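Have a look at it first.

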Amino acid sequence: MTSPTSIPKTVDDVLAEFRDSGALLEGHFKLSSGKHSGHYLQCARVLMSPARANRLAQGVVNGIPDEILSRVDVVVSPAMGGIIIGQEVARVLNKDAMFLERPDGVFHLRRGFALEPGAKVLMVEDVVTTGLSSREAIAAVAKEGGEVIAECSLIDRSMGTVDLGVPFFPLAAFDFPTYDEDNIPPELAAVAVTKPGSRKE
């Protein structure tokens, strides 16, 4: 395992960062995907320390092939969860960072953000579970005139099964079980549910 000031390289390293920051929660959580889980990774908390956020971003970038990194023009993230890690990844790459918002339910750029036609985009997320938000964000970039050439994230909760339609490079994959609304185990159903994500119903 790495020291607290080392760049995380393994799943254990990343889990240690979450545990050390109190960002690995246990209970009964309804995820943004709609699925339920006994664990929740609070990325906003793990990224609360700028030094830790920088280490994690370095770890993310280290996992992306050079042939992709060399083509990146700009970093784009979906709000809210991807904003902090997107900014940190952009800092490592010395690129501009933008974020997509969906106040009307559909992702688009606001606040004066605009992509150059044909801009090559690295999409950055905090956690990917079903990939729904990522696919929506990738489609939004296309409508804005850019092209997502790859996506990266801190965590892949799909354990490599998600298909985003572009190359995907997570820093770590955690195999925390998730359950559909109608298939929650009794022991989990007995625990009061909370919804810690940023997406409204």
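Let's start with serine 21, which sits in the loop between helix H1 (11–20) and strand E1 (24–30). Helices (H or I, at least four residues) and strands (E, at least two) are DSSP runs, numbered from the N terminus. Keep in mind that this is a predicted model, where local features need pLDDT of at least 70, side-chain atom pairs count only at pLDDT 80 or more, and totals for chains, interfaces and linings use all residues. Residues are numbered from 1 along each chain as its sequence is written, and side-chain values use heavy atoms, with hydrogens and water left out.

**Serine 21.** With a relative accessible area of 9%, serine 21 is buried (buried is under 20% relative accessible area, exposed over 50%, partly exposed in between, using a 1.4 Å probe and protein chains only). A polar atom of its side chain lies 3.1 Å from the backbone oxygen of phenylalanine 18. Not counting residues up to four places away in sequence, serine 21 touches Arg45, Val46 and Arg52, where contact means heavy atoms within 4.5 Å.

**The annotated site.** A "binding site" annotation from an unreviewed UniProt entry covers Thr129 and Arg157. Such annotations may be inferred rather than shown by experiment; the positions follow the numbering used here, and feature names are shortened. Threonine 129 is in the loop between strand E6 (120–128) and helix H6 (132–143), while arginine 157 is in the loop between strand E7 (147–156) and strand E8 (168–173). Leaving aside neighbours within four places in sequence, threonine 129 is in contact with Ser33, Arg157, Ser158 and Val162.

Is arginine 157 buried or exposed? Arginine 157 counts as buried because its relative accessible area is 8%. Its contacts beyond four places in sequence include Leu31, His39, Tyr40, Phe174 and Phe176. The side chains of arginine 157 and serine 37 are also joined by a polar contact of 2.9 Å; that term means a pair of N or O atoms within 3.5 Å, where within protein one must be able to donate a hydrogen and the other to accept it, and residues adjacent in sequence count only if both atoms are side-chain atoms.

**Salt bridges.** The whole structure has 9 salt bridges, meaning a side-chain nitrogen of Lys or Arg within 4 Å of a carboxyl oxygen of Asp or Glu. Here are some of them:

| glutamate 17 | arginine 55 | 3.0 Å |

Glutamate 101 is buried at 11%, whereas arginine 110 is partly exposed at 35%. Both glutamate 17 and arginine 55 are buried. Lysine 30 counts as buried too, at 19% relative accessibility.

**The cores.** In soluble globular proteins, nonpolar side chains tend to be buried together. A nonpolar core here is a set of buried Ala, Val, Leu, Ile, Met, Phe, Trp, Tyr and Cys residues joined through side-chain atoms within 4.5 Å. The largest one has 36 residues, and Phe18, Val89, Leu122, Leu154 and Ile155 touch the most other members. Elements supplying at least two residues each to this core include H1, H3, E6, E7 and E8. Another core, of 20 residues, lies apart from it, with Val74, Val76, Met98 and Phe107 among its members.
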